[in-house]
Each structure stands twice: as structure tokens, then as C-alpha cells.
Amino acid sequence: MADKSTDDSLYPIAVLIDELKNEDIQLRLNSIKKLSTIALALGEERTRTELIPFLTETIYDEDEVLLALADQLGQFTSLVGGPDYAMYLLPPLESLATVEETVVRDKAVESLRIVAAQHSASDLESSVVPTLQRLVTGDWFTSRTSACGLLSVCYPRVSQPVRAELRSSFRKLCLDETPMVRRAAASKLGEFAKVVEPESLKSDIIPMFVQLAQDDQDSVRLLAVEACVSIAQLLQQDELEHLVMPTLRQCAGDSSWRVRYMVADHFTDLQKALGPEITKTDLVPAFQYLLKDSEAEVRAAAATKVKDFCANLDKTNRVQIIMTSILPYVKELVSDPNQHVKSALASVIMGLSPILGMSNTVEHLLPLFLVQLKDECPEVRLNIISNLDCVNDVIGIQQLSQSLLPAIVELAEDTKWRVRLAIIEYMPLLAGQLGQEFFDQKLRALCMGWLNDHVYAIREAAAMNMKKLVEQFGPAWAESAIIPMILVMARNKNYLHRMTCLFCINVLAEVCGSEITTRVLLPTVLALATDLVANVRFNVAKTLQKISPFIEASAIETQVKPVLDTLNGDKDVDVKYFASEAITGIAGEDEWETEINTEPEAIDEEYTPPTPFY
């Protein structure tokens with residue numbers, strides 16, 4: 001019986017092992033993902049002697065299966081007996097590190113790094129280093145690219161002779177005839193530089209860096225820029241000028257825009273690594289060239305660094321450098337022909353205000369903000385409005401309102417409705433930046449005016465804007481500041497305005513809560529149930545169903561249902577239809593959470609409700 005019990009318990013494991021050989025890729029993949037279960041069942045010794053060799057022999061599979069296998073093996077150390085037996089995982093991972101598919105190789109290298117770190121120093125030299133050397137000398141470029149990622153893990157824990165071998169191997173990889181290998185070496189150069197000795201950094205790593213930065217492939221040169229940051233952080237200030245700067249100057253003026261882009265993208269990191277003196281003498285002129293680069297991608301990358309670059313300048317002469325050397329180029333970018341450049345600049349330019357102070361902001365920056373506020377690209381306008389608080393903190397709300405508010409109001413009253421729509425969408429953000437008191441004084445009337453716009457899209461957006469403002473300032477503010485003005489619209493002679501009132505109530509009920517909805521908003525809706533225009537009456541039915549979850553239960557019974565019953569007997573077929581829908585919806589939901597679309601779908605073949613005018 002005991003033998004039968006053991007057989008039964010191992011049966012699922014046998015199935016999983018069989019699935020590893022199955023022709024169906026999905027079954028193989030599922031089994032690979034359960035390798036840890038198989039290993040636990042087999043035990044540490046059988047995992048080492050049977051499962052791992054089997055996996056090593058069956059490496060030739062679909063990429064998806066190999067990726068899962070590479071991932072699993074990185075977590076297998078404890079399942080083969082712990083760090084003392086981690087070397088058993090090296091053969092399958094070494095094979096995976098040589099396959100053609102990049103994602104599989106990368107995952108195999110990631111797992112190899114984990115497993116290598118778990119080896120003791122002696123096992124590292126006896127097992128991992130030979131594996132690394134085989135990858136370095138492999139016939140296919142795939143193995144050599146994988147080797148680049150392992151050097152920095154092994155180097156700190158091996159003896160001096162082995163370290164010399166590893167530096168020699170890395171130099172060989174940097175000079176490899178295959179661009180893909182040189183690319184991999186360049187991407188790991190900074191990481192390797194951090195683990196070598198200071199003497200080796202100057203004698204071995206710097207020459208490799210110079211070599212890679214002069215490579216005939218721009219995909220290699222651009223990766224050398226990234227390594228430059230790491231190398232510069234490791235050198236003394238007096239060593240930077242002759243060891244790093246000649247190569248960096250060359251990269252900043254490289255014929256390939258991708259290399260220049262990489263310099264721009266890492267510019268503030270380089271600035272911190274190189275220090276204030278080199279920044280002043282070399283990086284400021286280089287930054288100027290990048291800001292006026294012929295390629296828009298480079299200008300955009302440089303533009304995003306304007307604020308941080310200026311903030312990191314030496315405080316003793318920071319303002320002078322910005323005003324004389326940076327701001328003239330920033331002014332040109334404000335009217336750049338490429339919208340991505342303008343948008344990138346708009347996202348950071350407001351951050352110059354705290355650095356330059358009130359006087360310079362008013363005189364030099366505000367005119368630029370005005371230009372950007374009127375830019376045809378909506379993202380530029382949004383980026384300016386999103387960061388108004390930076391300027392507000394420097395120049396004060398009064399100066400801000402005198403300078404920028406007229407431009408915002410002008411856009412809000414633009415003859416093109418799409419421009420007006422864009423400003424409406426920014427208004428909640430603007431209100432949050434400027435505060436409730438300022439909003440009530442300067443912008444509330446503007447928002448209310450949009451509710452009477454002749455374009456439906458504007459009225460709809462204005463109503464949603466009201467909801468967002470209430471979320472910003474609270475129901476109490478809504479009851480005193482905007483609800484009275486909205487309810488007045490219910491008495492307007494133009495039926496479109498009366499329907500706008502209903503639409504506002506639809507969206508405000510949710511944010512105002514049941515108390516305000518029942519006490520303040522509901523009476524107006526009920527009063528409109530007797531409106532002479534059928535469109536208004538059937539919108540009353542829709543509104544009652546929409547806001548019913550936010551009306552007190554007693555009011556539903558005593559006020560809402562009688563009105564809906566009356567509308568259900570209306571002479572207009574559309575009013576009857578929507579009243580019937582509202583009655584059914586409210587009665588069918590205990591908590592009355594049914595939502596009504598503004599444009600209902602066809603219900604049956606005999607009756608299709610009309611598309612509302614509003």
C-alpha cells in the first residue's frame with residue numbers, strides 16, 4: 001500500500017515531466033513554469049543529476065519556452081542544494097546565453113548574474129570564470145554579447161591574476177569585429193568601471209572608453225556617452241580635463257544626431273559629475289549648441305534639461321550665466337517650428353522663475369509665457385497652465401493676474417470653439433493653481449458664461465467643468481457660488497438654456513451629495529416637469545432617473561414617483577417613453593444606481609426613441 005501511495009503522489013510529477021517533452025508548446029510552457037514543483041518532488045540530488053542534465057539537453061525549443069526556462073533557473077539555487085551546488089545551474093544557463101533570441105539571452109544573463117553572486121569566491125574562480133571565458137571566446141557573437149554582462153559580477157571577488165584576465169577579456173570584447181558585441185561592451189563599460197581599481201580605471205578602462213567613443217558605428221558611440229557619466233564620477237576633478245573632456249567634446253559635436261541626443265539626455269548627470277568649473281567653461285557652450293541643434297529630437301531633449309541645468313549652476317554667478325548664455329537660446333525655442341520642442345520647453349520653463357527671481361521673471365519670462373499660452377499646440381498651453389504655481393510663488397497672484405489672465409480670458413472667448421473648449425478643459429487645473437478666492441473674483445463669471453454658449457460641445461464641457469470645480473472647492477462652495485446661477489437658467493425663455501440647467505444638475509448631484517441634491521436641486525427639476533417643450537419634459541424624466549441614487553428615499557416616494565407617473569401619462573410619446581424607463585429603472589434598483597445615457601439606444605423594433613436636440 002505504501003508503494004502504491006508513493007506512486008500516486010509522484011504521478012502528477014511524472015505527468016509534468018512528460019509534458020516537458022510534449023509536442024504541444026503550451027503544455028511544455030506550463031510544465032516549465034512548474035519546474036520548481038518538479039524539483040521539490042524529485043529532491044535536491046535527483047534535480048542535480050537528472051532534471052538539470054535533461055533541461056541542458058533540451059535547450060533547443062521555442063523562444064517562449066526558453067525564456068520561461070531562463071527565468072526559472074535563476075531561482076533554482078535552493079532547489080539544487082544551495083550555494084555549494086549552484087555550479088550545476090551553469091551549463092543550461094550557458095547554453096541559453098548563446099541562443100539567437102535577444103530576450104532569452106538577456107534573461108539568461110540576468111539569471112547567471114544571480115547564480116554567480118551566490119557562488120563562494122573559490123567556486124566563482126573554478127566554475128563561473130571558466131564559463132565566462134568560454135562565452136568570451138565563443139564562435140558566435142551571441143555568446144560574446146552575453147559575456148559582457150557577467151564581468152562586473154565576477155571581478156570584485158576573484159584574485160589579482162584572474163582580474164587581469166578579465167580586464168583583458170573586456171578589452172577584447174571592446175575591440176570585437178562585430179558591432180553587436182561592441183555595443184554590449186559599451187553598455188556595460190560604466191558598470192565595469194565601478195568595480196575596477198583606480199589604477200586600472202586609468203590604464204585600461206579610459207582607453208576602452210576613448211576607443212568606443214570613436215567607433216565607426218553610432219549605436220556604439222552613443223552608449224559610450226552613458227559610460228562617460230559613470231567614469232567621470234570615479235575620477236578626481238583635476239583628472240577630468242585630460243581624461244574625459246576631449247572625448248565628451250567630440251561626442252557633443254558628433255556627426256550623428258543620435259549621439260548628440262544621448263549627450264543632451266544625460267546632460268545634467270554629466271554636469272553633476274564634472275563639477276561647476278568644467279560646467280562653466282565647457283558645458284555651458286555645449287548646452288548652447290544642443291539647444292540650437294539642427295535636429296528637433298536633440299533640441300527637445302536639451303529643452304527638457306533647461307530647468308535642472310540652470311538649477312545646478314554655481315549659485316555665485318548662476319543668474320548672470322542664465323541671463324547671458326541660456327535665456328537667449330530659450331527665447332528662440334519658444335517659437336521653434338517643431339511642436340515637440342515647444343512642448344518640452346513649456347514643461348520646464350516655468351521652473352526658471354524661482355531661480356531668476358521676481359524682477360527677471362516679470363521682465364524676461366512673462367512675455368515668453370504669454371507667447372506659449374497662445375501657442376496653437378494644446379500641449380504647450382497645458383504645460384504652461386499646469387505649472388503656474390511656480391510663477392505664482394515668485395511674482396504673486398496680483399502680478400500673475402495682470403500679466404497672464406488677460407491672455408487666458410482672450411483664449412476663453414476665442415471665435416474658434418475648439419480653442420474655447422481647450423481652455424475649459426484646463427480650467428479646473430487653473431482653478432487649483434490660483435485658489436478659490438481668485439477664481440471667484442476673476443474666472444467664475446467666465447465659466448458660467450460658457451453654459452450659454454451657442455455650441456453644444458462647449459455647453460457640455462462647461463457642465464463637466466462645473467463638476468470638476470465642485471470636486472476642487474467642495475459642495476458648500478457650490479451651493480453658495482454656482483448652484484444659484486445655474487438654477488436661474490431654469491427660468492430662461494430659451495429652452496436650450498433650461499436643458500443646460502438639467503444637464504448641470506445631472507453631473508452636480510454626484511459631487512454635491514444627497515442633502516444638497518434633495519433640498520436644492522430636486523425642486524427645480526420637478527418644476528420643469530410641466531415645461532411647454534417636450535424635449536425639456538423628457539429630459540426631466542432622464543434627469544430624475546440619473547440623480548435618483550443621490551435623492552433621499554422619502555423624497556423618491558413623495559416627490560419623484562408622482563411626477564414620473566404624471567409624465568408617463570403625457571400626450572407626447574417621447575416623454576411617456578422616458579418616464580416609463582425612469583419608473584422601471586428606479587423601481588428595479590434597490591439602491592437606484594441605474595445610469596441613463598444622454599443618447600439612448602434603440603429598445604425594440606416597434607419604437608426607437610429620437611436623438612435629443614440637446
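The largest nonpolar core holds 222 residues; such a core is a set of buried Ala, Val, Leu, Ile, Met, Phe, Trp, Tyr and Cys residues joined through side-chain atoms within 4.5 Å, where buried means under 20% relative accessible area (1.4 Å probe, protein chains only). Among the residues with the most contacts inside this core are Phe76, Ile349 and Trp450. Helix 34 (residues 495-512) gives the most to the core, with 11 residues; helices are DSSP runs (H or I, at least four residues), numbered from the N terminus.

This is a predicted model, in which local features need pLDDT of at least 70, side-chain atom pairs count only at pLDDT 80 or more, and totals for chains, interfaces and linings use all residues. Residues are numbered from 1 along each chain as its sequence is written, and side-chain values use heavy atoms, leaving out hydrogens and water.

Helix 36 and helix 37 pack at an angle of about 145 degrees, with axes 11 Å apart; axes are lines fitted to C-alpha atoms over the stretch in contact, and angles run from 0 to 180 degrees between N-to-C directions. Here is who meets whom, with contact meaning heavy atoms within 4.5 Å:

| Helix | Residues in the contact |
|---|---|
| Helix 36 (residues 534-547) | Arg537, Val540, Ala541, Leu544 |
| Helix 37 (residues 553-568) | Val560, Val563, Leu564, Leu567 |

Helix 13 (residues 198-213) has a kink of about 35 degrees at Ile205, shortly before Pro207; the bend is the angle between axes fitted to the seven residues ending there and the seven starting there. Ile205 is also one of the buried residues of helix 13.

Notes:
Buried means under 20% relative accessible area, exposed over 50%, partly exposed in between (1.4 Å probe, protein chains only). Helices (H or I, at least four residues) and strands (E, at least two) are DSSP runs, numbered from the N terminus.
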